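Please look over the model shown here. The report below goes through its sheets and its ligand site.

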Amino acid sequence: MATVTLDKVNKVYENGFHAIHDLDLNIADKEFLVLVGPSGCGKSTALRMIAGLETVTGGEMRIGDKVVNDVEPKDRDIAMVFQNYALYPHMSVYDNIGFALKLAKVPKEEIDRRVRQASKILELDANLDRKPGQLSGGQRQRVAMGRAIVRQPAAFLMDEPLSNLDAKLRVQMRAEIAGLQRELGVTTVYVTHDQVEAMTMGDRVAVLKDGYLQQVDTPQNLYDRPDNVFVGAFIGSPSMNLYEGVVAFDGEGASVQLGSQSLRLDASSVASRPGLKAHDGKPVIVGIRPEDFEDAAMIDHDTTGKQLTSTVSLIEALGSEIMVHFDLDARRVDSGDPDAIEEQDKAANSVGRFHPRSRVRMRDDVTIAVSTENMHFFDFGDHQAIR
Ligand code: ATP
């Protein structure tokens, strides 16, 4: 068991491309840490440096107390699970799982004990004689996991291990892997571009963009208290709505101007964000999560001052909730996440997650209540959270 520590780690590829900038991460013993971010943000590079498959060009990498910058992958006491599993097609499940141990000249009886133990945990006992080609996608994934488990490593490193599975199996396997990791208590670093996978699996999640660490925290804290616009928009689906707004203070609190409409912030909301005062009268970025918009007709308390009006341009009824798209005349802000921009292109500039009993229809004029106490504010210049 071990900690994994990245201390101002940098990666400059041979062509001069600077893929990782001063990355600091302290991964605790037994922790499940997820590295997440859009394509090209450097998550695989970071993982491959921990594995020793890429050189570290600056900073220090430690596994446990040992500096491993110059240690060969095979001597790092880690086991990797890749997205393509890299199983040997001509070998049985049993031999695939035990192969690394055989190479390491572990005695036959010990190999047998560990393979049987792992296959029991993974419910592969009945398939030990089969070849990978005779297994389902999920079973193949488990064989790849089995191969990592039998090595009893200090850490598991996983690079998008579920990306080849269909959506339903992915949900099942993500619960299995998270459960297994907890059971085995092995420090794990897991790479994915899927923020739902990151949020549901990680003890903590590190969000990367363009080779820079944006924030590392528990899933709930990332969601509730994003440090900047990018994290706010990247975590959560549909994405946080982002607008240019202006905050104006008065005797009882403050209000936020969003285009031609205004929302009231009560005194307690203002008190919990002392940093907002410095932005009085200036443009800020306002973030509102879809669930903080609601059909005002569904709310039985008074929401005066905390309402917006618009016209419904699209409705997606999902059974347990309704996604209601509408336009506000406030300027929309780009979060820097390519997927969020795509999402924004196909619909109106705002989306609310309404109660399923809401009666709103396409093209209706609608009054929308806003949970202003949950609004997010970011600096217009550097995109950092205002608190
Ligand atoms: P994806 O989700 O698409 O796999 P990623 O976040 O894992 O993306 P990396 O594979 O770590 O991203 O790549 C980070 C950046 O480094 C990318 O811009 C990529 O083009 C670049 N890169 C990767 N390998 C090399 C290399 N050998 N030489 C130069 N640049 C590289």
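## Basis

This is a predicted model: local features need pLDDT of at least 70, side-chain atom pairs count only at pLDDT 80 or more, and totals for chains, interfaces and linings use all residues. Residues are numbered from 1 along each chain as its sequence is written, and side-chain values use heavy atoms, without hydrogens and water.

Four strands form an open sheet in the order 2-1-4-5, with antiparallel pairing. Strand 2 (18-27) and strand 5 (66-67) are the edges, each pairing on one side only. Strands (E, at least two residues) and helices (H or I, at least four) are DSSP runs, numbered from the N terminus. Two strands pair if DSSP finds at least two bridges between them.

Strand 4 (residues 58-63) and strand 5 run antiparallel and are joined by two bridges. Arg62 stands opposite Val67 of strand 5. Helix 1 (residues 43-51) packs on this sheet, touching strand 1 (4-12), strand 2 and strand 4. Contact here means heavy atoms within 4.5 Å. The direction of helix 1 makes about 120 degrees with that of strand 1. Axes are lines fitted to C-alpha atoms, for helices over the stretch in contact; angles run from 0 to 180 degrees between N-to-C directions.

Five bridges pair strand 11 (residues 241-250) with strand 12 (residues 253-258) in the antiparallel sense. Phe249 faces Ala254 of strand 12.

## Ligand site

Which residues surround the ligand? They are Tyr13, Asn15, Phe17, Ala19, Pro38, Ser39, Gly40, Cys41, Gly42, Lys43, Ser44 and Thr45, with a heavy atom within 4 Å as the criterion. Helix 1 supplies the largest share of this shell, three residues. By class, the shell has five nonpolar, six polar and one charged residues. Ala, Val, Leu, Ile, Met, Phe, Trp, Tyr, Cys and Pro count as nonpolar, Asp, Glu, Lys and Arg as charged, and the others, Gly among them, as polar.

Polar contacts are pairs of N or O atoms within 3.5 Å. A polar side-chain atom of Lys43 lies 2.7 Å from a ligand oxygen atom. A polar side-chain atom of Ser44 also lies 2.7 Å from an oxygen atom of the ligand. An N or O atom in the side chain of Tyr13 is 3.4 Å from a ligand nitrogen atom. Alone, the ligand exposes 640 Å², and the protein buries 61% of that; areas come from the Shrake-Rupley method with a 1.4 Å probe.

Key. A polar contact is a pair of N or O atoms within 3.5 Å; within protein, one must be able to donate a hydrogen and the other to accept it, and residues adjacent in sequence count only if both atoms are side-chain atoms.
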